[in-house]
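Please read this note with the sequence and the model side by side. The points are arranged so that each can be checked by eye.

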Amino acid sequence: MKLGFLYAGQGSQHAGMGADLYEQYPAFRAVIDSAEVDFDLKKVSFEDPDGIINQTRYTQPCMVAFAAGLTAVLREKGIVPAVAAGLSLGEYSALHAAGVFDAATAIRLVAFRGRAMEEAAAGRESAMMAVLNLDRAPLQACCDAAADLGCVVIANYNCPGQLVIGGEKAAVEKAAALAKEKGARRCLPLKVSGPFHTPLMAPAGDALREYFQGVEFAEPQIPVIFNCLGDVKDDSTAIQDLLVKQVQSSVFMEDSIRKMADMGVDAIVEIGPGKALSGFVKKTVPGMPVCAVETVADVEDLPQTLEELMKEKA
């Protein structure tokens with residue numbers, strides 16, 4: 001079976017994620033214990049007594065450690081992807097799954113990325129909003145019309161009927177009001193700590209470019225679909241350049257999911273926590289078998305789950 005792995009992004013994290021996997025699987029423990037971060041990753045992921053797991057600098061390494069550990073567990077069971085992608089932060093997990101860097105390096109990279117994004121957002125009056133049931137072109141027109149109040153762009157193309165705008169607060173609010181006038185069903189403020197995937201994140205991109213100079217990137221062993229392209233890269237494009245662009249550019253998740261389907265995957269496995277991306281898949285490619293994996297029970301049931309999904313598809 002040709003599987004696509006889709007890695008969850010920031011926003012799906014929660015206290016307790018991975019605790020059962022850590023107890024059950026040595027491969028998961030090895031990844032978590034290898035993490036070189038300046039905080040107690042296990043304590044934050046499994047318990048979060050101080051309520052900090054939703055702060056970007058903690059969220060990012062916790063999420064990637066979880067994903068890398070779960071990838072290692074599935075690999076031991078012979079469940080591996082033929083193609084990989086991830087939402088924003090999840091792209092680093094996809095690159096790890098493709099062999100571009102090991103788990104410890106992936107965690108270290110996103111720990112730096114989280115700090116850089118937090119610093120780029122500091123002191124800005126920013127906002128992000130999910131816009132429901134409005135197409136790309138009219139929403140882009142709303143952003144253009146609100147640009148006199150500051151930066152506002154479509155930051156995420158998640159799936160049909162769900163786009164996200166982000167930027168400076170006044171401009172985002174004006175664009176959202178115009179979107180409702182054009183027929184958007186709802187505009188929902190997102191609880192995020194910065195204007196992610198907008199040009200306002202350029203300082204984070206600059207910091208990443210410099211940091212990457214000290215990191216070795218291997219060639220991917222499987223195709224990776226990149227956020228800022230909605231496609232695989234060509235041979236002349238460096239992964240580092242795409243990751244620099246990604247942090248300050250739109251995420252084309254809908255396009256990425258369509259590309260994965262076009263590449264002939266039989267089923268898509270969302271590596272959690274959460275099931276948000278499974279919902280995107282169902283709306284983007286109806287009929288594509290998809291399931292989410294987050295717990296020990298999910299892991300143990302996965303072969304049967306995939307078999308049942310394929311029977312339904314047939």
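1. Basis of the model. The structure is a predicted model, in which local features need pLDDT of at least 70 and side-chain atom pairs count only at pLDDT 80 or more, while totals for chains, interfaces and linings use all residues. Residues are numbered from 1 along each chain as its sequence is written, and side-chain values use heavy atoms, with hydrogens and water left out.

2. The annotated region. The UniProt record, in an unreviewed entry, lists residues 6-298 as "domain: Malonyl-CoA:ACP transacylase (MAT)". Positions from UniProt are given here in the numbering of this note, feature names are shortened, and annotations may be inferred rather than shown by experiment. Over residues 6-298 the chain is 46% helix and 14% strand, with the end C-alpha atoms 15 Å apart. Helices (H or I, at least four residues) and strands (E, at least two) are DSSP runs, numbered from the N terminus.

3. The parallel sheet. Four strands form an open sheet in the order E2-E1-E7-E8, with parallel pairing; two strands pair if DSSP finds at least two bridges between them. E2 and E8 are the edge strands, and each pairs on one side only. From one strand to the next, the twist averages 25°. Angles run from 0 to 180 degrees between N-to-C directions, and axes are lines fitted to C-alpha atoms, for helices over the stretch in contact. Strand E1 (residues 3-7) is joined to E2 by four bridges in the parallel sense, and Gly 4 has Val 83 in E2 as its bridge partner.

4. H5 lies across E1 and E2 and runs at about 160° to E2. H12 also packs on this sheet, where it touches E1, E7 and E8, and its direction makes about 175° with that of E8. Contact here means heavy atoms within 4.5 Å.

5. The antiparallel sheet. A further open sheet of four strands has the order E4-E5-E3-E6 with antiparallel pairing. Its edge strands, E4 and strand E6 (186-189), each pair on one side only. The twist averages 25° from one strand to the next. E4 and E5 run antiparallel and are joined by six bridges; Val 152 stands opposite Gly 167 in E5. H12 packs on this sheet as well, touching E4 and E5 at about 80° to the direction of E4.

6. Where do Ser 88 and Pro 273 lie? Ser 88 is in the loop between strand E2 (83-86) and helix H5 (90-97), and Pro 273 is in the loop between strand E7 (267-271) and H12. Most residues other than glycine have a negative phi, and most peptide bonds are trans. Ser 88, however, has a positive phi, near 55°. The peptide bond from Gly 272 to Pro 273 is cis, with omega near 15°.

7. The largest pocket. On a 1 Å grid over the protein atoms alone, a pocket is an open set of points with protein on both sides within 12 Å along at least five of seven lines, and lining residues have an atom within 4 Å of a point. The largest pocket holds about 720 Å³ of space, a volume being the space filled by probe spheres set on the points, which are joined across faces, edges and corners. Its lining has 29 residues, with Gln 10, Gly 11, Leu 87, Leu 190 and Val 192 nearest the centre. Among the elements that give two or more residues to this lining are helix H6 (103-121) and helix H12 (276-284). The lining divides into 15 nonpolar, 12 polar and two charged residues. In this classification Ala, Val, Leu, Ile, Met, Phe, Trp, Tyr, Cys and Pro count as nonpolar, Asp, Glu, Lys and Arg as charged, and the others, Gly among them, as polar.

8. The second largest pocket. This pocket has a volume of about 280 Å³. Of its 15 lining residues, Lys 275, Val 290, Cys 291, Ala 292 and Thr 305 lie nearest the centre. H13 provides the largest share of the lining, five residues. By class, the lining has six nonpolar, four polar and five charged residues.

9. The cavities. A cavity is a set of points where a 1.4 Å probe fits but cannot get out. Residues lining the largest cavity include Val 37, Phe 39, Tyr 58 and Arg 115.
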